[in-house]
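Student: Please take a close look at one part of this model for me. Then show me how the rest is laid out around the chain.

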Amino acid sequence: MDERSPARCLRTVTGALPPARVRGPVLAHEHLALDLSRGGDTAAVLDGRHRAAVTGELAALREEFGLALVVELTCRGMGRDVRALARIARESGVAVVAGTGWYYERFHPAEAAAASAEELAGELVREIGADGNGSGAETSGTGGGIDGTGVRPGVIGEAGSGGDAPSAAEVRTLTAAALAARATGLSVATHAQLGRGGPAQLELLTAAGLPPYRVSIGHQDLLDDPGVHRELASAGAYVAFDTVGKENYRSDEARLRALLALLEAGHAERALLSCDISRYGYLTAEGGTGYGHLFRSFLPRLRAAGADEDTIDLLTRRNPLRFLTGGAGDATAESAAGSPADPEEP
């Protein structure tokens, strides 16, 4: 497979979106519709019963904080529902990017059991389309895309592994993610279980020819190892602090310390932030912290620790846009994302 130029337009579930039109913050790793109950956790569900609550939260965050975009990383085997994503996006006024690929082995569907990495990559490329640069819009009756809806993915993820090293099945699905990313120009966001295995994921993806700046290593705020964070960032990958608010796993105080250490090491351009809402109990309507915890709680603490507004914009807008568009560095990001003061395109 030949690598193509990264897609410059964001491919959302309701149409193509120029990055310069994303004027507000981005949630870099969320779930709006999923079903992980096959793993035995019946609470790990966001379905039609919760749609109004999810939509209402996003609409409120758009009004209060300018939330512009959600990167929705529910992929194959996770209860993906892009028709629901399109409805949520239209009704909330918040753009949504949908994902594809395979989660970690425990949730692999039968399709991933016997196929080679090349065959799996071919399946992803067919779902994404021959060229990752396109509208991705839902088009009734056109077929193709995700589940025949015509909606095309805008990112590959969350491509997963469940330990310090990927299993044989995970090697195949991660390699497929890298090959499909090279063929289509999309980037790859990973699931590193409890933050473990990030370096092994990055080694595998880059060995398949994917540049590190096209990779985001997930759940690193669950890993108490600043050395690994620096290693990933120094290699050029994005380091996702994407479970903000999940204090039953790790306190936000510890997350903040780890993020500040990464920023102080000079890697602000490689950090991504999000909350990874992955069960209905996390919704504010159910008494949870919700999608807005990043804005209402964590970012104020980051500001109090000394982060200025340019850094906040970098972490919550310019970095995720650079990741999604495959930009290699600052100049690419600024060109693609613009600055908050720039006039909006017509």
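Tutor: Start with helix α10, which bends by about 40° at Leu 315. The bend at a residue is the angle between two axes, one fitted to the seven residues ending there and one to the seven starting there. This is a predicted model: local features need pLDDT of at least 70, side-chain atom pairs count only at pLDDT 80 or more, and totals for chains, interfaces and linings use all residues. Residues are numbered from 1 along each chain as its sequence is written, and side-chain values use heavy atoms, with hydrogens and water left out.

Stay with α10. It covers residues 309–325, which is 17 residues. Helices (H or I, at least four residues) and strands (E, at least two) are DSSP runs, numbered from the N terminus. From first C-alpha to last, α10 reaches 23 Å, close to the 24 Å expected at 1.5 Å a residue. The expected span is 1.5 Å times one less than the number of residues. Of the 17 residues of α10, 15 are buried, so the helix is largely enclosed by the rest of the structure. Buried means under 20% relative accessible area, exposed over 50%, and partly exposed in between, with a 1.4 Å probe and protein chains only. After α10 comes Gly 326, with a positive phi near 75°.

Now set α10 in its chain. The protein chain has eleven helices and twelve strands. Of its 346 residues, 59% are buried. Take the contacts (heavy atoms within 4.5 Å) with a separation of 6 or more: residues 24 or more positions apart account for 76% of them. The chain exposes about 12,400 Å², and carbon and sulfur atoms supply 48% of that. These areas come from the Shrake-Rupley method with a 1.4 Å probe; for residues, only the protein chains shown count as cover.

Another helix is α1, residues 51–65. It has 15 residues and reaches 21 Å from its first C-alpha to its last, close to the 21 Å expected. Its buried residues are Arg 51, Val 54, Thr 55, Glu 57, Leu 58, Ala 59 and Leu 61. What covers them includes β5 (45–46), β6 (69–72), α2 (82–92) and α9 (293–304). Just after α1, Gly 66 takes a positive phi of about 75°.

Next, the start of the chain. Thr 12 lies in strand β1 and counts as buried, at 2% relative accessibility. A polar atom of the Thr 12 side chain lies 2.6 Å from the backbone oxygen of Gly 15. Thr 14 sits in the loop between β1 (10–12) and β2 (15–17). With 37% relative accessibility, Thr 14 is partly exposed. Thr 14 and Val 96 are 82 residues apart along the chain, yet their C-alpha atoms are separated by 7.7 Å.

Move on to strand β8, residues 155–161, where Ser 161 lies. Ser 161 is buried, at 0% relative accessibility. A polar contact of 2.8 Å joins its side chain to that of Gln 201. A polar contact is a pair of N or O atoms within 3.5 Å; within protein, one must be able to donate a hydrogen and the other to accept it, and residues adjacent in sequence count only if both atoms are side-chain atoms. Leaving aside neighbours within four places in sequence, Ser 161 is in contact with several residues, including Tyr 104, Pro 166, Glu 170, Leu 174 and His 191. Glu 158 also lies in β8. A cis peptide bond joins Gly 157 and Glu 158, with omega about 5°.

Leu 204 lies in helix α6, residues 198–207. Not counting residues up to four places away in sequence, Leu 204 touches Pro 166, Glu 170, Val 171, Leu 174 and Thr 175. Val 171 is 33 residues from Leu 204 in sequence and 7.5 Å away in space, C-alpha to C-alpha.

Last, two loop residues. His 219 is not a glycine, but its phi is positive, about 60°. His 219 is in the loop between β10 (215–217) and α7 (226–235), and is buried at 3% relative accessibility. Asp 276 is not a glycine either, and its phi is positive, about 55°. Asp 276 is in the loop between β12 (271–273) and α9. At 7% relative accessibility, Asp 276 is buried.
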